[in-house]
Amino acid sequence: MGNAESGTNSEPEKVNDGANLSVPAYILVILQVVLFFLFGFLAEVTYPQNAAGTVTQGYNMFIGVEIMMFIGFGYLMTFLRKYGVGAVAFTMIITAIGLQWALFTESFFYQWYNTPKGEDWANVSINIYSLLQALYAISSVLISFGACIGKITPAALLVMTIIELACHSLNYTIIGDGVLGLADIGGTYYDHMFGAYFGLAVSYVLGMPKNDPKEGGQVADVFSLVGTLFLWVYWPSFVAGADTADSASQHRAIVHTILALASSTVCAFATSMLLSADKKFRPVDIQNSTLAGGVAIGVIANLTLAPIDAILVGGAAGFVSTFGYNVIQGYLEDNKIVHDTCGVHNLHGLPSLVGAIASVILAAFKYENADQDVYGSDGDQHWWMHLLGIFVVMGFAITTGLTTGFLLKCFCLTDDNKQQFKDSAWWEMSASSHGSSHGGPLNVDKL
């Protein structure tokens, strides 16, 4: 959660006109009409043959990941006092439109890479496991949203979602899984690393904030902690959901994720107090860095680890994440390098590097043992594949993120009216949940 520049402006604040406010609606209509045709001609519901488990098992994991998307990510970003509605609701629309679009991007790149020349492509197969895979892809967009939240307009956010999901699918199905052969069950590379650096690149192009985000406040921090707790509880579903149901591998992934989360939580609490200026716990650290262990452990969660391995990786991630919030983020923003509203570099970027480095070390020593079921017949090659993967995934994420940011500017989808970090710029804010007595909107920016 960044500390954006603050300042005063004596000029009257401009208000978005109706035409500008209508752009997101037009984009949504166009996207949904396109999806109507895609679902009508190129998709079919199929029973999950040779899937990881039964429909019921898949749905149970789907629910866990879905709760992370809607409630976990949504409420985690409510730390902005005047942007709570946008944080939760824009998370909802990203998930809803992304769930549909990701089904086609994942299938397109998979068939492009795997369909033999001359053979016909199949319709997009829709079942509970393809929907679960779509949720994994959406997580990368929600991570990127965290770097830009409050600064990015709804129209730009929708366009970014469509572009990023295509880039994510290309990175996952062709670059990571197809070419490099990364063993990343929990999305440390594919979701967290890619989403963090894609979002930071977009945020870099958007520039430093034009006004003060006015983050924090007791109520906002409590709501954000609610999101943290939901993410903490359901994180094992995210890591292990796509693994073979009831397998030893899935059991290891669940257990190791819980251990890593517990360790990162303890280390985050301790480091938060030690690094803070007044030696008190900082809400930003507890809301975020306690989850860092789940980010880092994902890539190695299904390996045959000793319990201490998961504890060490989780603890290292918690420390590095807290250090990032206390030291690195301030440096980046004070020097106007990049503004990271939610601190995704600290929660997702840095811990993903911790996990990636751990995967390189473990792959170099474990390919001859029982983990051949994870690494496959070319297990002795995986240490350098994972090392190369760090540079490839980060490079691809930054390149595509910068390109997306420039496209958003070229199409004039960015906000130049200083309507940042305010729900009232995009939402009709009532005096109460029952509406004001006069039926008119309430200017919450004066509260």
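D246 lies in the loop between α7 (218-240) and α8 (248-275); helices (H or I, at least four residues) and strands (E, at least two) are DSSP runs, numbered from the N terminus. The phi angle of D246 is near 65°, a positive value in a residue other than glycine. D246 counts as exposed because its relative accessibility is 65%, where exposed means over 50% relative accessible area, buried under 20% and partly exposed in between, with a 1.4 Å probe and protein chains only.

Before I continue, a word on the basis of these values. The model is predicted, so local features need pLDDT of at least 70 and side-chain atom pairs count only at pLDDT 80 or more, while totals for chains, interfaces and linings use all residues. Residues are numbered from 1 along each chain as its sequence is written, and side-chain values use heavy atoms, with hydrogens and water left out.

A second residue with positive phi is C412, a residue other than glycine with phi near 55°. C412 is placed in the segment after α14 (382-410), and at 66% relative accessibility it counts as exposed.

The largest pocket holds about 1300 Å³. On a 1 Å grid over the protein atoms alone, a pocket is an open set of points with protein on both sides within 12 Å along at least five of seven lines, a cavity is a set where a 1.4 Å probe fits but cannot get out, and lining residues have an atom within 4 Å of a point. Grid points are joined across faces, edges and corners, and a volume is the space filled by probe spheres set on the points.

The lining divides into 20 nonpolar, 18 polar and six charged residues; Ala, Val, Leu, Ile, Met, Phe, Trp, Tyr, Cys and Pro count as nonpolar, Asp, Glu, Lys and Arg as charged, and the others, Gly among them, as polar.

V85 is also in helix α3. At 33% relative accessibility, V85 counts as partly exposed. Leaving out residues up to four places away in sequence, V85 touches F90, D423, W427 and M429, contact meaning heavy atoms within 4.5 Å. V85 and M429 are 344 residues apart in sequence, yet 9.4 Å apart in space, C-alpha to C-alpha.

The structure holds one cavity of 30 Å³ or more. The largest cavity has a volume of about 90 Å³, and among its lining residues are F73, L142, N288 and H348. That lining comprises eight nonpolar, four polar and no charged residues.

Beyond its neighbours within four places in sequence, Y189 contacts residues including L182, F194, V299 and H386.
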